[in-house]
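Thanks for coming. Please have a look at it first.

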Amino acid sequence: MIANFPVPQKDELLSSVLARFVARQGLESHKVALDVLFGDRKVVTSALFQGRINLLLERVGHIWSTSEQEVVYQHTMLPLFAPFLPSNQVMKIIEDVSFKKGNTVSLRTGMNASLLNWRENYMFCPQCWESEKRELGFVYWHRSHQVPGVTYCSIHNCKLVDSEKSMQHTQRHAFVVPQIQQDKMLSCSEVKLNDREVLLSQSVSQLFELPSDSSMLAGISSDKWSAFYSNYAVQQGFLNGSRIDHKRIEQAIIAFWGKEWLKKNALFFEGDGSWLRRIFQKHRRGFSYLQHFVVWLAIEQKSIDVFERLSWVESIQKKVKKTKSTTTDRDVKEVRCMWLDLRRKQPEASLKMLRATQAGARLYTWLYRHDRAWLDENKPKKVANYVNSRVNWQERDDKLVRQLIVIMQSNEFELEGPRRSRSWYANKLGVKSLIEKHLDKLPRVSLFFSKYSETIEEYQCRRLARVLADLVLKSEQLIPICEVERYAGLSEQRKTTAARRIVSKSVPAWQISQIISK
């Protein structure tokens, strides 16, 4: 149990809370700090999504009365992503951060695949830090200051400053304490309140202000986002006839943000397959908060009520097409009989041949739509009659094995180098992928590998031979056995039987013979 734990502040990253605790307790050893906080010295620190929250709350739950889900929503970056992800994905993220050893959040949130340019260093607002020092006596890392695309503090409209403190400590088990040099405390530069980047920072801060029990933070399906953008284009008047006018939307985005800003934030778009066009089409993949805000702010050119906007999206009902089925059991029975009769008349015909006839095409289409499970069980088996004759595999096999023999002979008396395994030979040939995929078509190459590929045992013996040859050249034959093993890169756990025999019997016998000969 921890008796003295700092009070987490509003908009504070969990990693900042833990760093303040470590600094307050004077824990210089990072491993000891992890043992105190989590009871596990192998926990890896993360600036934006600190994991193993369940272990932390087991130790500080008597002081900090909260839940894992509450911590994730209030002290990590999840609110940036949650409204734009499906609900099942959001729950998996919460589970990963709270309970699992492996932190897969960067994959589940789409951070790795997104266009977002995440900063390497912590950012801070000078005015926020001055007021915190004055009122609290300490400072902390704000979540909203570390967001890609955000360059202003939403509270003071003050430009954020680079702290030059890396988000990832040089030691992966250490926390980065919130502190900076005094010369970094610059005065805030004045900006207009309607500045586009101030509007963006205010929109992002609203995401972090959503209550933890809000249904929006549980995720919104991609179907609703697709329907929203379809309605949004109509509402904002971006139509060309009955279709969305993508050209006008692109012009509006560039006019508001400018090409330089879009390129700087990796959001510039070109061509029919750009992210801007896809966001107004069916959402087959997720889009980041920054892409949504860039579109909304450019089109509306005013501050946005994010809560109201997300409520609108959440309230959209998916349209379900009602179809009347006129199919009866009698129809099904008749069509089945006709299909079986067709197959009896052409027992050797493949599915493709049956569908090539007028009757077969009509019956297949009907059954596919109305009785697909039965059709799958009663259609001709798939015929695999394609033979790839583009490659003469025998000729290729002969050519490759000759090249392998040349490589083997040129390295036969070399003691240096890595293990000459199948991969080593394939890399030397420059056709590793071909050999991995089509070795079954290359019998001679396969036989070469089974005969000449170097086993681990042979590799260890060769390393010992190299070391002993070097010792003879340097006249240092009488060094301890442990030094011989170290030079050869052998460990007690990985030594093979042959290597043990050489080290335990052959090398001492050789050393004794050297002593006698002298």
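Four helices each supply at least two residues of the lining of the largest pocket: H5 (78–81), H10 (222–235), H13 (275–279) and H14 (289–300). H14 gives the most, with three residues. Helices here are DSSP runs of H or I with at least four residues, strands are runs of E with at least two, and both are numbered from the N terminus.

Before going on, the ground rules. This is a predicted model, where local features need pLDDT of at least 70, side-chain atom pairs count only at pLDDT 80 or more, and totals for chains, interfaces and linings use all residues. Residues are numbered from 1 along each chain as its sequence is written, and side-chain values use heavy atoms, with hydrogens and water left out.

Back to the largest pocket. Its volume is about 540 Å³. Of the 29 residues that line it, Gly110, Arg285, Gly286, Phe287 and Ser288 are the closest to its centre. By class, the lining has 14 nonpolar, eleven polar and four charged residues. Nonpolar covers Ala, Val, Leu, Ile, Met, Phe, Trp, Tyr, Cys and Pro; charged covers Asp, Glu, Lys and Arg; the others, Gly among them, are polar.

On terms: the search runs on a 1 Å grid over the protein atoms alone; a cavity is a set of points where a 1.4 Å probe fits but cannot get out, a pocket is an open set with protein on both sides within 12 Å along at least five of seven lines, and lining residues have an atom within 4 Å of a point. Points are joined across faces, edges and corners, and a volume is the space filled by probe spheres set on them.

How many cavities of 30 Å³ or more does the structure hold? Two. The largest cavity has about 60 Å³ of space, and among the residues lining it are Ser15, Tyr122, Met167 and Phe175. That lining has six nonpolar, four polar and no charged residues. The second largest cavity has a volume of about 30 Å³. Its lining includes His145, Cys153 and Ser205, and divides into four nonpolar, five polar and no charged residues.

Now the whole chain. There are 26 helices and four strands. The radius of gyration is 34 Å, whereas a compact globule of 518 residues would be near 24 Å; the radius is taken over C-alpha atoms, and the globule rule is 2.2 Å times the number of residues to the power 0.38. Along its principal axes the C-alpha trace spans about 95 × 90 × 50 Å. Buried residues make up 43% of the 518, where buried means under 20% relative accessible area, exposed over 50% and partly exposed in between, with a 1.4 Å probe and protein chains only.

Last, three residues. Ile180 is in the loop between strand S2 (161–166) and helix H9 (196–208). Ile180 counts as partly exposed because its relative accessibility is 22%. Its C-alpha atom is separated by 6.3 Å from that of Ser163, 17 residues away along the chain.

Most residues other than glycine have a negative phi. Glu164, in strand S2, has a positive phi near 60°. With a relative accessible area of 56%, Glu164 is exposed. Gln301, in the loop between H14 and helix H15 (306–315), also has a positive phi, about 55°. Gln301 is exposed, at 54%.
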